[in-house]
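Please read the following report with the sequence and the model side by side.

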Amino acid sequence: MTKNVRMPFPGRIALGSALACALALAGSLALSRQEAQAATAAVDLGFSGEVTQGGWIRGMAPKGTVSLSLDGESVGVDPASGQWFAAFDRDAKSSVTLEAKLADGRVVDRTISVAPRHWNIENINVARTAKGPSEAFMKIRRPELAQINAARDMRTGAKGWMEHFIWPAKGRISGRFGSQRIYRGEPGAYHSGIDIATGTSGTPFVAPADGVVILAADKPFSLEGNLLMLDHGNGLNSAFLHCSQILVKVGDHVKQGQVIGKIGMTGRATGPHLHWSLKWKDARLDPILFTGPMD
Ligand SMILES: [Zn+2]
């Protein structure tokens with residue numbers, strides 16, 4: 001990881017040399033040690049999290065941050081606390097850049113190495129269905145996708161993104177995030193969430209973090225079945241698929257741990273399970289990196 005400080009004048013100098021400059025000046029300009037330390041502290045782009053594909057980071061914006069971005073994607077900063085959140089897609093590049101623009105005109109950036117994952121890839125000696133989805137199917141599917149996209153575009157101001165997530169339900173993990181089948185060399189879509197099976201339909205599940213209900217489709221969607229979506233704020237949202245029942249409605253504010261629905265097998269499912277997926281903007285994320293392993 002490297003850090004750079006871009007000064008208002010042209011050219012880019014490394015933080016190390018900026019500090020060296022500051023210390024060299026200290027002699028002649030009597031710049032105190034505290035002042036030199038304050039100058040470096042002001043550009044600290046620190047964070048913590050799971051710095052890997054499908055993972056996330058959280059940090060505190062440096063004082064005077066006007067805007068923050070990750071590889072050009074804007075990162076929301078909570079105005080009250082200065083906290084921010086960003087995440088890495090399942091197929092994120094191995095190196096991304098976090099950049100802060102400061103009120104005094106400086107631009108600070110930091111290169112982040114994103115650790116690759118080893119996804120469960122299954123090679124299958126069967127050709128993928130030759131034809132794509134039928135027009136009859138797409139006629140049903142298009143408005144469903146439009147509803148999902150419209151829900152994801154809603155900005156609710158929820159603060160769940162600041163919390164440590166909990167499991168919505170406990171059971172057997174019957175499908176992991178990111179796993180994928182390759183049909184005679186042609187990749188199929190990877191699994192976009194985590195599947196939790198409790199063995200029966202009707203098991204209640206809870207909100208993994210605070211949120212606002214942005215979709216509560218109890219007229220089953222063709223693939224997702226009864227679909228419940230929560231906005232956790234700052235571009236982060238959850239989707240819960242195949243519900244047998246949804247116990248909340250659009251606009252409801254839910255708290256972490258609150259029962260919001262019941263597990264089922266509506267839509268395309270071979271048995272009762274909860275499919276939970278998480279997205280930050282366009283990045284698909286691995287829920288287990290938010291909760292930690294199930295105990
Ligand atoms: Zn699933």
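Histidine 242 counts as buried because 25 C-beta neighbours lie inside 10 Å; a residue is called buried if 20 or more other C-beta atoms lie within 10 Å of its own, exposed if 12 or fewer, and partly exposed in between, with C-beta atoms placed from the backbone. Histidine 242 has its place in strand 18 (residues 236-243), where helices (H or I, at least four residues) and strands (E, at least two) are DSSP runs numbered from the N terminus. Although histidine 242 is not a glycine, its phi is positive, at about 65 degrees. Most residues other than glycine have a negative phi.

The structure is a predicted model, in which local features need pLDDT of at least 70 and side-chain atom pairs count only at pLDDT 80 or more, while totals for chains, interfaces and linings use all residues. Residues are numbered from 1 along each chain as its sequence is written.

Lysine 281 lies in the loop between strand 22 (274-280) and strand 23 (283-285), and with 17 other C-beta atoms within 10 Å it is partly exposed. Phenylalanine 221 is found in strand 16 and is buried, with 22 other C-beta atoms within 10 Å. The table sets out the neighbour counts of these residues.

| Residue | Other C-beta atoms within 10 Å | Class |
|---|---|---|
| Lysine 281 | 17 C-beta atoms | partly exposed |
| Phenylalanine 221 | 22 C-beta atoms | buried |

Leaving aside its neighbours within four places in sequence, phenylalanine 221 is in contact with Glu144, Leu227 and Gly267, two residues being in contact if their C-beta atoms, placed from the backbone, lie within 7 Å. The C-alpha atoms of phenylalanine 221 and leucine 145 are separated by 9.4 Å, and these two residues are 76 residues apart along the chain.

**Strand pairing**

Strand 16 (residues 211-221) is mostly covered, since eight of its 11 residues are buried. A hairpin of three residues joins strand 16 to strand 17, and these strands, the latter spanning residues 225-233, run antiparallel and are joined by six bridges; two strands are said to pair if DSSP finds at least two bridges between them. Alanine 217 stands opposite leucine 227 in strand 17. Strand 16 is also joined by two bridges to strand 20 (residues 253-254), again in an antiparallel arrangement, and here valine 212 stands opposite histidine 253.

Strand 7 (residues 83-87) is largely enclosed by the rest of the structure, because four of its five residues are buried. Five bridges join strand 7 to strand 4 (residues 56-60), and the two run antiparallel; within this pairing, the bridge partner of tryptophan 56 is alanine 87.

A further three strands form an open sheet in the order 10-12-13, with mixed pairing. Its edge strands, each pairing on one side only, are strand 10 (121-124) and strand 13 (186-187). Strand 12 (residues 180-183) and strand 13 run antiparallel and are joined by two bridges, with proline 187 as the bridge partner of isoleucine 182.

**The largest nonpolar core**

Which residues touch the most other members of the largest nonpolar core? Of its 61 residues, they are Trp56, Ala86, Leu215, Leu227, Leu228, Met229 and Phe240, a nonpolar core being a set of buried Ala, Val, Leu, Ile, Met, Phe, Trp, Tyr and Cys residues joined through C-beta atoms within 7 Å. Strand 16 supplies the largest share of this core, seven residues. The core draws at least three residues from each of domain 1 (3-113) and domain 2 (121-291), the domain bounds coming from an automatic or database domain assignment. Not counting residues up to four places away in sequence, tryptophan 56 touches Gly49, Glu50, Phe85, Ala86, Ala87, Leu285, Leu289 and Phe290.

**The chain as a whole, and its confidence**

The protein chain has four helices and 23 strands, and 34% of its 295 residues count as buried. Of the contacts in the chain with a separation of 6 or more, 64% are accounted for by residues 24 or more positions apart.

The mean pLDDT of the protein chain is 88, and 85% of its residues reach 70 or more; pLDDT is the predictor's confidence in each residue, from 0 to 100. Over residues 6-31, however, pLDDT stays under 50, and for this stretch the model has 24 contacts beyond four places in sequence. Where pLDDT is low, the predicted coordinates should not be read in detail.
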